[in-house]
Amino acid sequence: MKISYNWLKQFIKIDWKSDETSALLTDLGLEVEVVEKYQSIKGGLEGIVVGHVLTCVQHPDADRLKITTVDIGLEQPIQVVCGAANVAAGQKVPVATIGTVLYDKSGESFVIKKGKIRGQESHGMICAEDELGLGTGHDGIMVLDVTLVPGTPASEVFNIENDEVFEIGLTPNRADAMSHLGTARDLRAGLLQRGQNVELITPSVSNFRVDMRTLKIDVNVEEPSLAPRYCGVTISGITISESPSWLQNRLKAIGITPKNNIVDVTNYVLHELGQPLHAFDASKINGKIIVKTVPAGTKFVTLDDVERTLHQEDLMICDEKGPLCIAGVFGGKKSGVTETTTSIFLESAYFNPVSVRKSAKRHQLNTDASFRFERGIDPSITAYALKRAALLIKEIAGGEITSDIVEIYQKKIEDFSVFLNFSHVSKIIGQEIPKDTIKKILVSLDIKVNSVSEAGLGLTIPAYRVDVQREIDVIEEILRVYGYNNINFSKKFNATVSNSPRTEDYKVQNSIAAQLNSQGYHEMMANSLTTPSYANLSALLKEEHNVTILNPLSGDLSVMRQSLLFSGLEAISYNINRKNSDLKLFEFGKSYHKFLNGYEEHKHLTLFITGNRNKETWTNGQQSTDFFLLKGYVNGVLSRLGIDKINNIPSQSDVFSEGAAIGYGHDTLVEMGVVKKSILKHFGIKQEVFYADFNWDLILKIITGKIKYTEIPKYPEVRRDLALLIDKNISYDSIYTLAKQTEKSLLKDVNLFDVYEGEKLPEGKKSYALSFTIQDNTKTLTDAQIDKIMSKLKQSFETELGASLR
């Protein structure tokens, strides 16, 4: 939100420097992010002076150029070569001196330098109005008042407004501060707290009166719950034209481009008082104004020439033939003010914030009006703002007020009542604030004190303070105006010791995150809101299981995610598109599911790897990541958690082209594999992505807080190798499982270190080279014991798997 300092000073007479005011606003909770300077004429006409043309003769070598001598207040006149047809001796003209910076139509700057034009020296430039930013004319140079003194700075001749603009990072709850009046209210409260006795000056509407009752337009509100208060008035005999410079400067300072005097007034009042207004061309209104909803599917063309399909819940401003405007959001093309408009119906209303928010999001429209209506405006100034705008329109567009104000206000929006307990104030703030100070702060915020007792205050909160409805909200208001920096800190140091188990979720997460970080992973945190259609990328997910948001920010963020895979792929795609294709990512997060019996949340740990294993160097070539690298990381996590009673099971997920799973009892602990190319294509990813999904809820159930350890063996281990010729359909897992079953006590490890399939082997066969590690923790093994174990293993492989030694 942008606030003009000059505009703000119309409400509060203050001579503070902008940095002091911005600091106070920030202390009050209206954080000033930056202060920008604004000049109504870019450059401020610096370096431009009044010149008196003494002589003007034809250039000897150019028909369209003239050589002039110009008095600019120096000891000697200067020579300027000028190409304007209207330049003549005796004129007073604006002269850009050497070193002056001017700006072209696109805003690009250029510097006036001493030079030669067709052999004649030129020591400046006599300017046209468009070259100075004073207009659009370029037919010739500007001719100034003959009474002006040569050498007078042009900035003293022309009215240039210099302003400073506060860029305020407004929090969504502060709807009351979304205007210059709202900001001034807060500023006044802060100044009063700091001993500056200032008055809030609001624009007077005492001159408002009906000139003649010749154009009455009736209003019928059919949906009073959606439009609790609606006001309107007609103004006739107006002339559409450019706004005066003071109004244009106010709007330009806060980043709004002026359009015409009527639209500019509505924008001016919007940013002045916080009340959105809308002007209809009265000649285009058929019959009366009807505030209602229309059937779903009704077509409506808005001011931006877009045809929109209306929803049955959209509140519309209609006449007897159809819709004219989306209430509180955007006007219609057919009823808008044009250059030929001579009479208008001016609307000022209070619309239901939820209704406006839904309509704005539904049609993807975000306007200054909807921004304010969505958050809740002041229902008490609806008629006041209408009078203010009507008087401004009469002032700058002419015309007469030709109807009484039509007002529909069936049920008044009441103020809030709150009781403030003094003891609660001291307890929450941590410091006792004098009761008189509390009362002064509340009064400065337009909060009425109805009753006073030893215990506390009975208060009435204005309806426009939609963020102050509870006692704790009032305490927050007291604290921010009193000043957070004025609260003293206790010198007493308090410490507590809590006994929490090692298996608490956050502790386990931290230990695993530290391990993954040390292995080159980066932690990511994705949005839990996602796109509904992602559920169609897997048969195991269904759109009917999506948890839908009632008031979504957009269609792409309208449901809670059922899987962490797709948000991870979004992050991978984002990085790859920015030349960061070697990735290791992990995320702790939840998935959300809707079932017939209610809602469920499941916590996960997900791993993603893609691209190359390591950064390419001259000593290390590129090597792509693969499934076994991912499996190693997965096993490392399980090993760190002390989970060893696991078994390999087939993966049930359809997001993998190749995958595997690890089970614990009858439950699936981890699923991992290569993500399908069809899914990757949806995200524009062309390289392989490996993904693992841990059931974190199950992990937290099965881990224990006990520390397990194993002594380092005192006796040596023995390795023996076998090369087995087996059928191609036999997996390594089958060999591993059979070996462990055959020798349960002394066989410590089985490792596959070579696989061979070639022409020298029988058809349908392959060769596995395996190593077997044997160890007895109580004694040194003898050759006879080792040979006996290896013999048992060979026999099991031959009998159960049909294997033979190569």
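1. Start with Thr 152. This residue sits in the loop that links helix H3 (129-132) to helix H4 (154-157). The model is a predicted one, so read every value here as computed from it.

2. Is Thr 152 buried or exposed? Its relative accessibility is 18%, so Thr 152 counts as buried; the cut-off for buried is under 20%. Leaving out residues up to four places away in sequence, Thr 152 touches Ile 48, Val 49, Val 50 and Val 157.

3. Thr 152 also gives a sense of distance within the chain. Ala 661 is 509 residues away along the chain. The C-alpha atoms of Thr 152 and Ala 661 are separated by 86 Å.

4. Next, His 52. This residue belongs to strand S3 (residues 48-58). With a relative accessible area of 23%, His 52 is partly exposed.

5. Which residues does His 52 contact, once neighbours within four places in sequence are set aside? They are Thr 69, Val 70, Asp 71, Gly 90, Gln 91, Lys 92 and Pro 150. Take Val 70 as one case: 18 residues separate it from His 52 in sequence, yet their C-alpha atoms are 5.4 Å apart.

6. Now look at strand S16 (residues 289-293). Strand S13 (residues 219-221) pairs with S16 in the parallel sense, over three bridges. Val 219 stands opposite Ile 289 of S16.

7. S16 has another partner, strand S19 (residues 315-318). S16 and S19 run antiparallel and are joined by four bridges. Here Val 291 has Ile 317, in S19, as its bridge partner. As background, side chains in a regular strand alternate between the two faces of the sheet.

8. Step back to the whole protein. Its secondary structure comes to 20 helices and 41 strands. The radius of gyration is 39 Å, while the globule rule gives 28 Å for 806 residues; the protein is therefore more spread out than a compact globule. Along the principal axes, the C-alpha atoms fill a box of roughly 125 × 85 × 70 Å.

9. Of the 806 residues, 47% are buried.

Definitions and conventions. Residues are numbered from 1 along each chain as its sequence is written. This is a predicted model: local features need pLDDT of at least 70, side-chain atom pairs count only at pLDDT 80 or more; totals for chains, interfaces and linings use all residues. Side-chain values use heavy atoms; hydrogens and water are left out. Two strands pair if DSSP finds at least two bridges between them. Helices (H or I, at least four residues) and strands (E, at least two) are DSSP runs, numbered from the N terminus. The radius of gyration is taken over C-alpha atoms; the globule rule is 2.2 Å times the number of residues to the power 0.38. Buried means under 20% relative accessible area, exposed over 50%, partly exposed in between (1.4 Å probe, protein chains only). Contact means heavy atoms within 4.5 Å.
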